[in-house]
Amino acid sequence: MGKEDIKYELPEGWIWSTIGELGIITSGGTPSTKEPQFWGGNIPWITPADLSDFKGKLISNGQRNISKLGLEYSSATLLPKGSLIFSSRAPIGYLAISQNELATNQGFKNIIPVESIHVDYIFYYLQAAKQMIQNMASGTTFLELSLSNFKRIPIPLPPLNEQQQIVEKLEELFSELEQSKIGLIKAKTQLRIYRHAFLKNVLKTNGIINTTSIRKKSLKHKKVALGDVVNKISKKVHPSDSPNLRFIGLDSIEPGSLKPHLIHSFKDFSSSGNYFEKDHILYARMRPYLNKVFRAEFNGASSGEFIIIECKKEILIDYLKYILHSADFVNYANEKSTGDRPRVSFEDIALFEFYISDIEEQQQIVNEIDYRFTIIENLEETIESNLKGIELYRQSIFKKAFNGSLVPQDPDNEPANVLIIRINEEIVNYSKEQKEDSLKSPKMKQSKKTLIEIIKENYPNSEFSFTELREHLNISYNDIKEQLFFLLENDKELTSSFSKTKEQVIYKLKS
């Protein structure tokens, strides 16, 4: 995918550029986990997992650190403060700006920015362009964005002053959006708390119904075990026999929900399922804390992870549904569950005790719950709609930011076609400085032999160090390092290990 695929008209003074033209692009690496000396140092080392729940912009450390030795003997690069890290696989699109020097694993493509570019501007652009970037990735096992494609990501480049103005305006608007979002999420949480509190109150386990809408003068309650008022239905059905049935899987019902959001076609499955009929109760026995309960509205089949329950005449179907949905029952089932993937059996939940009254009063309670839950669900839908609206507004802000309509243009600003020349000069100078720093010995006659040929010629049966190998080559430190680690990862003839006596990594041809 090239620039022309998303190119749109830009304001005067802007130009289309690419990520590769705006900084020094590097990848990361992982030191050998077999060498403890490579780990536990003072260099923060970031993996995509460290960003999975990361919501900020600046990052200072991950879960693990590597040592200076681990950095030197791996393809990891020490990134300066202010570098942008971007996960290029599993998944694509996590990003942050380094708050200090750090390194990353090979799951990142990183940008070391030069002075004439605002890294925050690139940060927000990559956020906005996430979907487009994912479309540039390839792979069979999992998608990965190659280094060459990362460099080719198109980016609209405004004048330097305008980059700063865009960043400031984005952060001002996003701060307001975030406060609105926090308020909505808080309201959603409070509704969930109220929902469970009300259900617990109206289904009192001590037998006292506590709601003003129920006016019976003489309320007779009796304590029962679940197994006394329901039957377990155990009937298997195969897709080949009933292909037209609808299928409820564990993924069909969201945690804490009383209705499915996804219904499958049974013919798409190959294994038998549990048969259920309309008005049966489906209760998910795996991970009972997820609280998945559904009153069937049709005949169908379900995953074997559902217990199918039929009510006896003493209890209303919806009354049982709310009992199974209550916090008291969820806590009970959770305590009874066992295994790595905790499950509860019907025999266990059949012992759960609760109070019921006559059918008339059960209906009054169900009506009261239905009424309150309808109000709650309507409010929740409004909140969800507003949350989606916030995200849509966020995307519209991004669009304005990167088409030049978020902040006014200043004709006195240095145009981007001049800026890009200075950026290129700074990249060239930075690269020269890095190359000079990496050269540790005088140049010798350039060999046309491959690295593995040189190793075989000079160290056919003996161990050697990185320093010793460099004496035979007339290329930079980083180039040797890159070639050597490529051989270790892709060639079966070379091995490495850490020598405690020499306090360095040694290499040897396999015999």
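Contact here means heavy atoms within 4.5 Å. The views below are all taken from a predicted model.

**View 1. Lys292 is a buried lysine without a salt bridge.** Lys292 sits in the loop that links strand S17 (281-284) to strand S18 (293-295). Which side chain of opposite charge is nearest to Lys292? That is Glu254, and it is 6.6 Å away. A salt bridge needs the nitrogen and the carboxyl oxygen within 4 Å. Setting aside neighbours within four places in sequence, Lys292 is in contact with Leu250, Ile253, Glu254, Pro255 and Ser257, and also with Leu282, Tyr283 and Ala284.

**View 2. Glu305 and Arg343 form a salt bridge between two loops.** Side chains of opposite charge can pair when their charged atoms come close. For Glu305 and Arg343, the closest N and O atoms are 2.7 Å apart. Glu305 belongs to the loop between strand S19 (300-302) and strand S20 (306-311), while Arg343 belongs to the loop between helix H8 (327-336) and helix H9 (346-349), so this pair ties together parts that are 38 residues apart in sequence. Are the two partners buried or partly exposed? Glu305 counts as buried because its relative accessibility is 14%, whereas Arg343, at 23%, counts as partly exposed.

**View 3. Asp318 and Lys321 pair within helix H7.** Here the side chains meet in a salt bridge with an N to O distance of 3.3 Å. The two residues are 3 apart in helix H7 (residues 317-325), which means that about one helical turn separates them. Asp318 is buried at a relative accessible area of 17%, and Lys321 is buried at 12%. Follow the shared partners and you will find one network of salt bridges that joins Asp279, Arg295, Asp318 and Lys321.

**View 4. Glu172 and Lys169 pair within helix H5.** Their side chains meet in a salt bridge of 3.8 Å, N to O. Both residues lie in helix H5 (residues 160-202), 3 residues apart, or about one turn of the helix. Glu172 has 40% relative accessibility and so counts as partly exposed. Lys169 is partly exposed too, with a relative accessible area of 28%.

**View 5. Tyr371, Ile375 and Leu379 make a nonpolar patch on the surface.** How much accessible area do Tyr371, Ile375 and Leu379 have together? The answer is about 290 Å². To get your bearings, find Leu379 in helix H10 (residues 359-403). Leu379 is partly exposed, with a relative accessible area of 42%.

**View 6. Three strands form an open antiparallel sheet.** Strands of a sheet pair through backbone hydrogen bonds, either parallel or antiparallel. In this sheet the order is S22-S24-S23, and the pairing is antiparallel. Strand S22 (464-465) and strand S23 (494-499) are the edge strands, each pairing on one side only. How many bridges join S23 to strand S24 (residues 504-509)? There are 6, and the two strands run antiparallel. As a handy landmark, look for Thr495, which stands opposite Lys508 in S24.

Definitions and conventions
Residues are numbered from 1 along each chain as its sequence is written. This is a predicted model: local features need pLDDT of at least 70, side-chain atom pairs count only at pLDDT 80 or more; totals for chains, interfaces and linings use all residues. Side-chain values use heavy atoms; hydrogens and water are left out. Helices (H or I, at least four residues) and strands (E, at least two) are DSSP runs, numbered from the N terminus. Buried means under 20% relative accessible area, exposed over 50%, partly exposed in between (1.4 Å probe, protein chains only). Lys and Arg count as positive and Asp and Glu as negative; His and the chain ends are not counted. Patches are made of residues with over 30% relative accessible area and no salt bridge: like charges are joined within 9 Å, nonpolar side chains (Val, Leu, Ile, Met, Phe, Trp, Tyr) within 5 Å. Accessible areas come from the Shrake-Rupley method with a 1.4 Å probe; for residues, only the protein chains shown count as cover. Two strands pair if DSSP finds at least two bridges between them.
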